[in-house]
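Trainee: Could we go through this one together, beginning with the ligand and then moving on to the backbone?
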Amino acid sequence: MDRTFVILKPSTVSRGLVGEIVSRFERKGLKLVQLRVKKISREEAEKLYSVHRDKPFFKGLVETITSGPVVLMVLEGREAVQVVRKMIGATDPVKAEAGTIRGDYGLDITDNLVHASDSSESFEKECFIFFTQQELEKTH
Ligand code: CMP
């Protein structure tokens with residue numbers, strides 16, 4: 001079964017949208033393999049977003065994701081990477097379709113509520129920044 005890695009960003013936690021968003025993933029049929037509340041360190045954020053290191057928005061991106069606690073999740077299901085990307089919508093919430101998470105709840109491009117791996121390769125890299133091999137062993 002396929003897996004993906006998701007972060008509910010600090011504003012999702014402070015706005016009280018965690019339950020709503022986790023519920024969408026569960027109702028879709030995705031299984032929770034891991035779920036944890038954590039304040040991400042600068043080092044972890046820089047590793048997570050290393051592909052964006054040279055982009056003008058990198059500093060703001062790291063500041064935003066480290067500004068408060070986040071929820072880290074590993075979700076499992078058929079074609080999990082593509083399914084979750086579709087459910088969260090376009091990177092810019094202004095362009096995200098209504099019915100997607102960013103389309104329904106966001107406006108800011110950096111503070112766009114949710115991060116999700118864009119490929120299985122990204123999943124492999126991203127999930128091991130935060131979880132151990134043992135924590136990702138089959139749970140059900
Ligand atoms: P995320 O899915 O977390 O992955 C990379 C993040 O970079 C993205 O969501 C946005 O938060 C941020 N991002 C991408 N493009 C821009 C941009 N043009 N301006 C500001 N932030 C951006």
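Mentor: Let me settle the terms before we start: Ala, Val, Leu, Ile, Met, Phe, Trp, Tyr, Cys and Pro count as nonpolar, Asp, Glu, Lys and Arg as charged, and the others, Gly among them, as polar. Keep in mind too that this is a predicted model.

Trainee: Okay, how do the residues of the shell around the ligand divide?
Mentor: On that scheme the shell holds 4 nonpolar, 5 polar and 2 charged residues; among the residues around the ligand are Lys-9, Tyr-49, Phe-57, Thr-91 and Ile-109.

Trainee: And which side chains put a polar atom by an oxygen atom of the ligand?
Mentor: His-115 has a polar side-chain atom 3.0 Å from a ligand oxygen, an N or O atom in the side chain of Asn-112 is 3.1 Å from a ligand oxygen, and for Arg-102 the distance from a polar side-chain atom to a ligand oxygen is 3.2 Å. The ligand taken alone exposes 460 Å², of which the protein buries 80%.

Trainee: Where does the ligand sit?
Mentor: The ligand is placed in the largest pocket.

Trainee: Switching to the backbone, what is the phi of Leu-113?
Mentor: Leu-113 has a positive phi of about 75° although it is not a glycine, whereas most residues other than glycine have a negative phi. Leu-113 belongs to the loop between α6 (101–105) and β4 (114–116).

Trainee: Is Leu-113 buried or exposed?
Mentor: Leu-113 has a relative accessible area of 1%, so it counts as buried, the cut-off being under 20%.

Trainee: What about Glu-79?
Mentor: Glu-79, also not a glycine, has a positive phi of about 50° and is found in the loop between β3 (70–76) and α5 (80–88). Glu-79 counts as partly exposed because its relative accessibility is 42%.

Conventions
Residues numbered from 1 in each chain as written. Predicted model: local features only at pLDDT ≥ 70, side-chain atom pairs only at ≥ 80, totals over all residues. Heavy atoms only, no water. Helix = DSSP H or I, 4+ residues; strand = E, 2+ residues; numbered from the N terminus. Buried < 20%, exposed > 50% of the residue type's maximum accessible area, 1.4 Å probe, protein only. Near = heavy atom within 4 Å. Polar contact = N/O pair within 3.5 Å; in protein donor to acceptor, adjacent residues only side chain to side chain. Areas by Shrake-Rupley, 256 points an atom, 1.4 Å probe, with all protein chains shown as cover. 1 Å grid on protein atoms, 1.4 Å probe; cavity = no way out; pocket = protein on both sides within 12 Å on 5 of 7 lines; lining within 4 Å. Sits in = over half its atoms within 2 Å of the grid points.
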